[in-house]
Every structure is written in C-alpha cells, then in structure tokens.
Amino acid sequence: MPRIRGESKTAEILTLEEAVKKYMKNGIQVAFSGFTGFNRNPVAFAWEAARQGIKDLHVIDRHGSCCTWLLNAVGAIKIYETDWMGWGEMAGKLDINLNRSYLQGKVILEDYSHGAMAMRFLAGAIGAPFIPYYAPLGSDLYDVKYDALGRAGLRTGKNPKIAKKKFIQMEEPFWGDGDVVLLPAAKPDLAVIHVAQAGDKGTAKWRGVGTIDKEISFACDKVVVIAEEIVPEAEMRKYPESNQIPYFTVDAIVECPWGAFPSSVPFYYDYDAPFMRAMDAASRNESDLKKWLDEWVFGPKNWEDFLVKLGSKRMLDLRADSVTGYSTRMMRGKKPAPRMKMALSVARSGY
Amino acid sequence: MAKSIEQLMEVIDRIPDEPAKNGEFILPELMAIAVAHEVRNDDIVFAGTGLPMVGIMTANFTNAPKATLIYESGICDGKTMHVPMSVCDQRAANQSSTLGGLVDTFGYYLQQGYVTLGFLGGAAIDKYGGVNVTSIGDYYKPSHRFTGSGGNSDIGTMAKRTAFIILQEKRRFLERNDYTTTPGWWCWDHKTKEWKPKKEVWKGTPFADCGPTAVVTNMGVYRFDKDGIIYLETYHPGVTVEKIKEGCGFDLNVSMVKGETPRPTYRELFVLREFVDPELIFLPQKTDYPPAIQAIIDK
C-alpha cells in the first residue's frame, strides 16, 4: 500500500547493536534478504537480535534462511508466513527445530508458494493492494480450510500488517482468461537487506542473484541495509546501472564485514556448507542446540569476536576469488573442486 | 599422473556411447541420467536443487546441448563450472545470460509461458500426478511435515511439461494425497468442492494443458495416459514389475510397460562423474570404470 510521505528519509550510519536496538522491536513484521541459507542472509543482524532477546516476531519471507533458523532457535518467532520451511537445501533441508516449534504449537505457519510470495512483495513494492496470479489453482494452498492466520483469528483487520483474507479466487474480469487468484500485498514493518556495498548516503548494490530483495526494500516501512563495506556515495555513482536500491528507501546503514556468514556474499566470500551441516546436526535435539547457541551466539563478545573464533583458516578458505565470485578452496563434498578455466558444457556445446 | 579436466574433455568422444552393464553404475547415476533423457534440446528447463539439476547439467553435454536452465533465484541459463549446492549459488550464476530475481523467474519467464519443462522433487504423489510437499495427516497436526511448496506448485502447474523425481514407497505413491501442494491432472475445484480434471478447474487459463508428464523414481519411469492417470513405462534394471506394484498404494497400470529403463551409457557416466559432480556432492561415491573404459581414459 502506498505510504504518502511529507518528507524524505535520511539514512543514518549505525553500529550493528544500535540498528537492532532501534529497528528490531518485539512483535514487528520483518523480512530478510537473500535466498535460502546460502546467499546474502543478514545473519549478523538476526544474531544480534537473538542476543538482545527480541521476541514475538512475525517473519514474512519466501523461505527459511540462517536468519529464521537462528531466530527460531532462540524462540523469537511467533508467526511465520512463508513458502518453504527449509533453510539450507543440500546442507539441511527441513529446519528441524522450526518443525519442532511448529508441532509444539509455538509457531503459527502460513503456507504460500515461491511465486506467490514474490508477487505479494512485488505488489507491496509498487504500492498495489493486491496482485492476480494464476498458480496454483486447485492446490490446497488456496483452500480456505488451510488459512492458518484466519483460523488463529488474526484476519480481523485489526493488525494493519495482516490481510483480511489469505487469497480470493475469482473469474478474470477483463479478458475472460479463466480463474485467477488475488493475493494480498506484503508490506512488513522492517526489511533487513545484506548487500555488498552501500554508499554513505544509502545507495546500495549486490552482485549475483537478486532474489526479491529490491521488492522487499520497497515493500517495507523501514529498511536497514547491512553492507560488507560502506563506500563514498560518489563511488556508487560510477556505474549506477549496477545499483539496485536507491538511497531514499534506506533508514539505516550498518557496515559489517562477513555479516552474512555462513551464507555467501558473491565476490566477497562463499557459503560455509560444513558449518551449516553442523548447525543442522545441532538442531536435532534441544540440548545440542542449547550448547551450540551458548557457544556461537551467546559466547562471543560481539560479531568481530565471533569471526575471531571462526579463525583465519576458515575465512581464507571461504574468500571468494575475483573472477568467479566464489571459492574453489572450500571442501564442499567429498573431493576438492577441480581447477577449471571455463564452463565445460560451453566448451563442448556452445551457448 | 592424473589428467587435468581439460585433458579429460578431449577424451569424451572416445568413450563408447553404449549402455553400461549392471554393477558398473549406482542407482543415483541411473536416476540422474533418466532425468537427462527427459530434456529436449530446445527446452527451457526450470529445475530444483539435487538430482534434477545434476541430470540437466549432464544433458547439456550429451542429448540436449542447447537446453536452457533457469534457476528460481533469478538465474537465466547459467553455465556452471562447479555443481551448485543451491539454486542461489554463485556457481549457478556463472556465465548466465541475465541475472534477476524471483519476479523474473516466476513472472517474466514462468507465468509468461516461456518454461517448457519443470523438473521437481516431491514427498508423495497421487495417481493423477498431484504432488504433496507439505504435510502428511491433519494439516494442522501433521504426523509429518515437509518444507512446503517452494516453487513446486508454481512450476508444476505453469510449465508446459513437468517431471518429478520421487523416492518410491507404498506410503508415497497414493490414490489421493492428504494435502495437494501441486495439483496433477485431477484436483479439487475449491469453488464447487468437487474433485475434477485439472483441465476444467483451469479452463480458460493459458495453463489448462500444462502438467505432469513423467515421474522418475528409484524403481522405474512413469507417464500419464489421456485420462491423466499414471502408468509404468519402464522398470529399472534389477527391479521387477511385481516389486513396483508392491511399492504402490493403488492398483498401478502396468499394461503399457515398454521394458527396462535404458541403462546409462559409459559416455554419460563419464560426463556425470568427471565434469558435473567430481566433488561428490550429490553422488554418494566414486564408482570405478571397467578396465576397458579406464584404459581409454588413461591413454
């Protein structure tokens, strides 16, 4: 929904602790950047929120990530509107502990699909109240029986962030193209976006996939950008076509190198699959999980201290090379990555 | 001294494109190659993580060199050097045509009608090709909860053809799913509360004829008849039709069985093992080549 503003935002540069304290309030609706647990998750921000004891969050996202894994591990999530409660694909498909919380009734889960969530954020971003989308008619996602927020009595219109209906199926009224599903816009309180670079005025960019981060930035009331590096705004204006987020959407900028670990930031560092597998293993029972949290979340003094604990060997192995944007030194499977000069399918078959 | 990857590339055409013998390959390899065989040269494929991705990458070297691969995080035609662990892996974005986001892949490509083949996983499937990746039992108190749709329900209903790769057990091959995430050729019409052919529920939309066309399991390969009901097409080497019927929760149509699933050829196995997944991320182990093939590789 459009928010008519009388005056423009001015992005302020904050520390990680300050940004969490100022923007991550109990009970807000929040969306995170990236894709699954592998790409540009604002982990340091979620980690600091867990340490500050933030609770009752309504997370609205297209899938789980290292952020939702962490926040749920400390019991901070109350409502989870998503389409995929996994978090790490090949490093941990289903979020075991989130599943446990769900089965224990601690978390309300609302299911959508990937495309539907992308469309909902697109609607939120362009100020449209809803958006029509075809898929998937006939799916139980669009059976009113399976409207979890409605069943919990939360679709009364009292909460301005929860739509009065999960969806409406209707006959397409303009062209006669069958039935279509109308989806409510997503318009959360807060977007937390991890980027490669941000200018000191707030212009931000990433390399690699965009997922729905631009849409999220426009759909949310407040936007906190976590950057690997803050650079002079003039630097961002050299190749403006490679930027995605204009400064006037941004409320706060935080410089936090390695702040997306163990997910990746293309051209900065790779994801740490063994670390994620260890998180997955720890989540299998509550005592192991508590040990893991004490060691990795509540143990370190701050994020820098967390990185020191991680150690230089690990960070060296994960450092991305400047040509591919990822690391070939990290052992991901059972054998090391072969050295390659080019994509072999292209060498053989062309484009 | 082991050959470099470039030297191995020169060997491909000397490896015979003849079916390997039983025992010379493992089941995940057979399944990955069965996936590859579903891909046509002019396909635009929207694929999920895991064996679908590995199979299609193999097809880019063999039967479908020009097939385009879309990854849902926003990648259009990535040409990978190293197998991705996720659809958002920077490895998948290597040498892509364009790089965008989910609005690009689900909107501009999928809902716009460009995607000719979807390749997806599933936890359970019904006899009409409807897939459940959400929950078993009561939705609100599930005996088992899975991840939920992800892109499964979007891709599985809007791609022209969709193939699923599923682990076959009696409790996963069902007359009717507890929860239908991705509707197959028959599904609920939620407006009238009737169980109907998908063509009627989706009538008038551009997607009424889109839907499941193949299922690859650990036991066989399946297709759908004109009524939208699944039938067995081929059984994997070493698996009997009786065994397959036992691994099925409904009376499976086996009247149109063509025979054994084509075994992977030595060349396909060579591509899969040496170029697609040499890091052993999806494949559980490295399998030895028979001496005659190893001699060609070493020469």
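**From one side chain to the interface**

Guide: A:Glu12 is partly exposed, with a relative accessible area of 26%. On this scale, buried means under 20% relative accessible area, exposed means over 50%, and partly exposed lies in between, using a 1.4 Å probe and protein chains only. The model is predicted, so local features need pLDDT of at least 70 and side-chain atom pairs count only at pLDDT 80 or more, while totals for chains, interfaces and linings use all residues. Residues are numbered from 1 along each chain as its sequence is written, chains are lettered from A and ligands numbered from 1 in the order in which they are written, and side-chain values use heavy atoms, with hydrogens and water left out.

A:Glu12 forms a salt bridge with A:Lys22, and their closest N and O atoms are 2.4 Å apart. A salt bridge here is a side-chain nitrogen of Lys or Arg within 4 Å of a carboxyl oxygen of Asp or Glu. The pair links distant parts of the chain, 10 residues apart: A:Glu12 is in strand S1 (residues 12–14) of chain A, and A:Lys22 is in helix H1 (residues 16–23) of chain A. Helices (H or I, at least four residues) and strands (E, at least two) are DSSP runs, numbered from the N terminus. A:Lys22 is also partly exposed, at 43% relative accessibility.

The structure holds 45 salt bridges over all chains. In chain B, B:Glu274 and B:Lys286 form one of them, with the closest N and O atoms 3.0 Å apart. This pair links distant parts of the chain, 12 residues apart, with B:Glu274 in helix H9 (residues 266–276) of chain B and B:Lys286 in the loop between H9 and helix H10 (291–298) of chain B. B:Glu274 is buried at 10% relative accessibility, whereas B:Lys286 is partly exposed at 38%. B:Glu169 and B:Arg172 meet in a salt bridge too, at 3.6 Å from N to O.

Other salt bridges join the two chains: the rule finds 6 across the interface of chain A and chain B. In one of them, A:Arg332 pairs with B:Asp89, with the closest N and O atoms 3.7 Å apart. Both belong to a network of salt bridges that links A:Asp270, A:Arg332, B:Asp89, B:Arg91 and B:Glu279.

The rule also finds 47 residue pairs in polar contact across the interface of chain A and chain B, with both residues at pLDDT 80 or more. A polar contact is a pair of N or O atoms within 3.5 Å; within protein, one must be able to donate a hydrogen and the other to accept it, and residues adjacent in sequence count only if both atoms are side-chain atoms. Several elements of chain A each supply at least two residues of the side that touches chain B, among them helix H4 (96–103), strand S5 (108–111) and helix H13 (344–349). By class, that side of chain A has 40 nonpolar, 23 polar and 21 charged residues. Ala, Val, Leu, Ile, Met, Phe, Trp, Tyr, Cys and Pro count as nonpolar, Asp, Glu, Lys and Arg as charged, and the others, Gly among them, as polar.

In total, the contact takes 84 residues from chain A and 77 residues from chain B, where contact means heavy atoms within 4.5 Å. The area buried between the chains is about 6,900 Å², and carbon and sulfur atoms give 59% of this area.

B:Pro183 gives a view from chain B. B:Pro183 lies in the loop between S11 and strand S12 (186–189) of chain B. Apart from neighbours within four places in sequence, B:Pro183 is in contact with A:Pro136, A:Leu137, A:Gly138, A:Ser139, B:Gly130 and B:Thr157. B:Pro183 counts as buried, at 1% relative accessibility.

Also in chain B, B:Gln168 sits in the loop between strand S10 (161–166) and strand S11 (173–174). B:Gln168 is buried, at 5% relative accessible area. The side chain of B:Gln168 reaches the backbone oxygen of B:Gly247 at 3.0 Å.

Key: Buried area = accessible area lost by both parts, 1.4 Å probe.
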